[in-house]
Every structure is written in C-alpha cells, then in structure tokens.
Amino acid sequence: MSTLKTAIAGAGYLVLLQATSRIGTFLLGIVLTRFLNPEVIGQVYTIEFISATILFVSREPFRNALLRSKGQSLKTKEKTDEKAEEKESGTGLRRRKPQSSAPTDESDHRDDNSTTANVDDEINYNQAVVNLSYIPVFIGAILTAFFSLGSLFTSSSDSSSDIDIHRISVGLYLVAAIIELSSEPFYIAAQRRLLFSLRVRVEGIAFIARSVVTVGVVYYGWISSQKHGDFDMRFYGLLAHAIAQLVYADVLLLYYVAYFLRTDGWNRFIGFFPRTLVDKKSKSEYFTTPELWSLSMSFVTQSALKHVLTYGDQLVLIATGASDHDKGIYSFVERLGSLVARVLFQPIEDASRVYFSRELSSDEGSTTSQKKKSAWSLLSHLLKIQSIIALYFLTFGTTYSADLIQLVYSRKWAKGDTPHALATYCLYVPIMGINGITEGFFQAVAPKDKLHSFTRWMLVFWGAFAGVAMIAMNVLHLGAVGLVLANLANMALRVWFCLRFIKGYFGQNLGSADVYVKSVVVWTCFGISWVVALWSGTVLGADSFRPIAIHIAVGGLLFAISSLALYTQEKDYFKQLMRLREGR
C-alpha cells in the first residue's frame, strides 16, 4: 500500500477513534451525572487540567519534531504475512538484508561498504529519534514534582479527609501522566511506520477500560452506601477518575510493549531503550542529533501558544478562582455543546476547507473569476445553512435546555445554573459554526503574511476573552454563564476578522450577499415560537413528567409550524441546495 493510501486509510481510523471517544464520553457523562454533583465534576475538571498540562507541555514539541523529521527512515507497513525476522527494528526501521554473494572486485567492495555505512547511519539516526522521545518523560517528571508540591499546600476543601482524597487523586493522576509519557517512544514508532490502526486499537481499548473502571468504582461506592450509610460522592468520584486514568495509562504502555515485542522480537525491541551513540569520526558520544533537537526547540513557542488557546477556558477558571460548582457546570455544558458542534459542523468544515484549498490555493497565482464565483456561491450557501441552524438553536435550544438535562441526565443537574449555562451555550454554538466556515476559508486561501497576522490577532482576541471572562465571573458574578459569554465574544471577534478578509478577497463585483434568512415571515414565526415556548416552560414547570411532556409537545408543534414557514419562504433556496448537491 502506498504512503498516500495508507495515510487516507489512517485518517479514516482516526476519525472513527475521535467519533467513538466523543460518543463514549457523552454516554459516560450521562451515567456519572446521575451519581455525582457539579462540585465533584469541577474538582475532576481541575485535576484533569493539571494532567493535560503535564502531557501537553512535555511531549507536544517533540511529537511535532519527530513526526515531521524525515531522516533516513525506511517506509514500512504493519505485519501481514511477513516473517518476524523481516519486521522493522524497534526504532521504526528495517535492516537491509545482507548481500547473498561476496563482492568480487573493488567496485563491489565499495558498494558493500557504502551500503553498510548507510545502514549504520540509518540505525544511529533512528536511535537518536528514540532517545529524544524519552525527553518528555524527564520533563514530565519535573512538572510532576512541581505539581506534587503544590498539591501538598492547596486543596479545595477544609476537611482533612477531603484533603487526603484530593491529594491521593492528584498523585494517581501524576503517576498516570508519567506512565503515559513512557509510552511515547512506541507512539512515535507507530506513527512513523503509519500504523494508524494500532493507535486506534490501543487508545480505543484504553478508553473502554477507563470508562468501565470509572463507572465501576462509582457504582461500587453507591452500592456500598446502601448498606453502610450515605454515599460519599466526592470520595468515590475523585478516586474513580484517578484510578481510571491510571488504568488508561497502563493499558497504553502495556499494549504497545506487547505489540512491538511480538512483531519485532527481543533483539530488535531493545532498540526502544535509550542509549548513547558514538560519532565515527570524532569518537565523541551523543544522545541525539543537533538537527532533531533544534527542530524540537523550534516548536516550543508554537506549542505553548497552542496550549494557551486550547486550554484557555481552564486557565481562566483557575485564574479567576472559580468555585468547583462553576467548574463542574462549565465542564458539563462544554462537553455536551462540543459534541453537538462536532457532529453538526465538523463534516461541513472539513469538506469545504478541502474544496477551497484546491480551487483557490494562493500558491497557484491568480485565480480565475469563474472559480471565485463558484467559491462565493458555495461559501454563501454554507453561511446561510449556519444561519438556519442558528434559528433552531436560538428558538428551541434556549427554551428546552432544562428539560433536556432533566430527562437525559438527572433532576439535580436541572436545578441551579446548569440550564442557564446550557441555554447560553446554545447562543454560542451557531457562532462556533459560522467561525468554522469562515476560518476554514481563511486558512485555505490566505497568503502566509495574513496567516502570521491572524496568529498575532488570535492572542489579542484571547486576551479580550480572558478580560471579559474575569469581569463576568468576578465582578458580575455570572459564574459558568459568564465564561460562555466570554467564549462567544472571542469567537465573534474571530468571525469578524475572517469576514473582513472574505469581503476584501471577493470584492464588490460578485452580486448581493445572501448569507442569512431575510424573510420577515420566518423571523416572526420563529420569534413567536420562542415566546410561546418560553411561556410554556414557565407556566407548566418541570416538577413531574406530565408538565414536561406537555411542554415538549408544545415545542414539537412550534417546531413543525416554524419549519413549514421556513420551507415555504425559502423553497427556491432549498431547490438550489439540491442542485448544488447533485453537482448541477
């Protein structure tokens, strides 16, 4: 199988892994929220952030460098009918077979010496790759020691027993981080060999094991409480997640070790252990090559920026001193909302980005007017689709959040700030979808100087996000709702930046923009539906199943009426969509 075909197949495996893990996380959340309250989920959220920080900071620069470096590696594939002795070495390389006949002249001697030298250089280079992949373990150990000291002096509870379980949980997470980092050499080797299916199996099995252990420990605690007293959800909640994370890391490491021992054999498996190398000319010892180290260091700043942007929510929650209750609520709505965003928006974003990249690539020089018109037609359609999705989220998402939580999760989560936070997140989801389209277009066609400018503006926008979040949470005391609003503001600024670029890219000569629903009838119908749904939920309440069922029935009727109004007013647009889908 060619590298391209392997990469395409690998992408399919990774999409499957991503979808499975997200759906699994959603189902796991449904189970756990029936036993645990927002305070416990918030404390787990904080500990998971510590673990994620250790893993990300320790390994991200080295992963980028080692997976990008080409070196002298040989392309290999996963074992099928090959014999064990023909498999790759532990460093991800296959030794060349010796020549079957001895050289007969001086030229043959030179060729044989050259081949041997190339093989030796190849082995040394890939041993340097293995050596460098152990650096994250040492960095992780330093960070673990730092956070271990921090956990001795900080805790979110005044009770000594609560402090003990918090410290135990943090300790287990830190040990799990070191174990997971120890599997990094095997992860790098699997990726360099294009063994994507191996990664899917390893991480899939580890995820299942973690989920089973989490639910098992919590359920065991709940069963025990039926016999011996009250259920200590904080003790069993923290302990369950910590033990499960340790199991996850153990499964990762043990599966990788077992696989490479079986396929490579012990003699080649020892190539996964770090060892010093000797330069043949200078006879000096070295651990890795200057090129690999320099490449890794070049990713440090980029990785730090990525960490801040990726985990900005957790950073702000910790910096503002948010309560465990607020952290738990935000963790709940963020995971639920991101699942919806990925399922609805990700396929559209990925497909459109590929199309725009191929049709309007800035590397191809000037783009024809016809291609621009086609691209604008698709882009305007995508933005209008997002505006239609926004109508439904704004009308029904904001008015049925409490009912969704009570029916799918539990009544204790439907009380307090959780429904308000989820309703606010329903305002954020449409902006997220529009940003996916506009930012995808920008990244596909913008020249390099614009891309660099966008990176700088991203930092500015993140600063604005942090400022708004601190004011909303510390001054206005909006809790998790304030953080969602800050995210909305950040995303709106990113949309604004990309829309400015889009307007300048297409100019004013491509016709009027039809990027949102303009019908007054549709807006009026959805507006009335929102008012009626809000009134229905307020009057009927949610104390029992009967009023909830009536409220949902009212919502179903309003949904049908609004959808009918949308179809009748936008019938021509939907016909255009069908023609576009059929390629006409």
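Predicted model: local features only at pLDDT ≥ 70, side-chain atom pairs only at ≥ 80, totals over all residues.
View 1. Numbering starts from 1 along each chain as its sequence is written, and side-chain values use heavy atoms, with hydrogens and water left out. The axes of H6 and H8 (residues 233–264) come within 9 Å and cross at roughly 55°. That makes H6 oblique to H8 (angles under 35 degrees count as roughly parallel, over 145 as roughly antiparallel, 65 to 115 as roughly perpendicular, the rest as oblique). Touching here (contact is heavy atoms within 4.5 Å) are Phe-186, Tyr-187, Ala-189 and Ala-190 of H6 with Leu-253, Tyr-256, Val-257 and Phe-260 of H8. By class, that's eight nonpolar, no polar and no charged residues.

**View 2. Ser-183 sits in the loop between H5 (160–182) and H6 (184–192).** Ser-183 is buried, at 4% relative accessible area (buried is under 20%, exposed over 50%, partly exposed in between, with a 1.4 Å probe and protein chains only). Skip the neighbours within four places in sequence, and Ser-183 is in contact with Leu-253 and Tyr-256.

**View 3. Helices H19 (residues 520–540) and H20 (residues 545–569) cross at roughly 180°, with axes within 9 Å.** So H19 runs roughly antiparallel to H20. Among the residues in contact are Val-521, Phe-526 and Leu-540 of H19, and Pro-547, His-551 and Gln-569 of H20.

Definitions and conventions
Axes fitted to C-alpha atoms, helices over the stretch in contact; angles between N-to-C directions. Helix = DSSP H or I, 4+ residues; strand = E, 2+ residues; numbered from the N terminus. Nonpolar A, V, L, I, M, F, W, Y, C, P; charged D, E, K, R; others polar.
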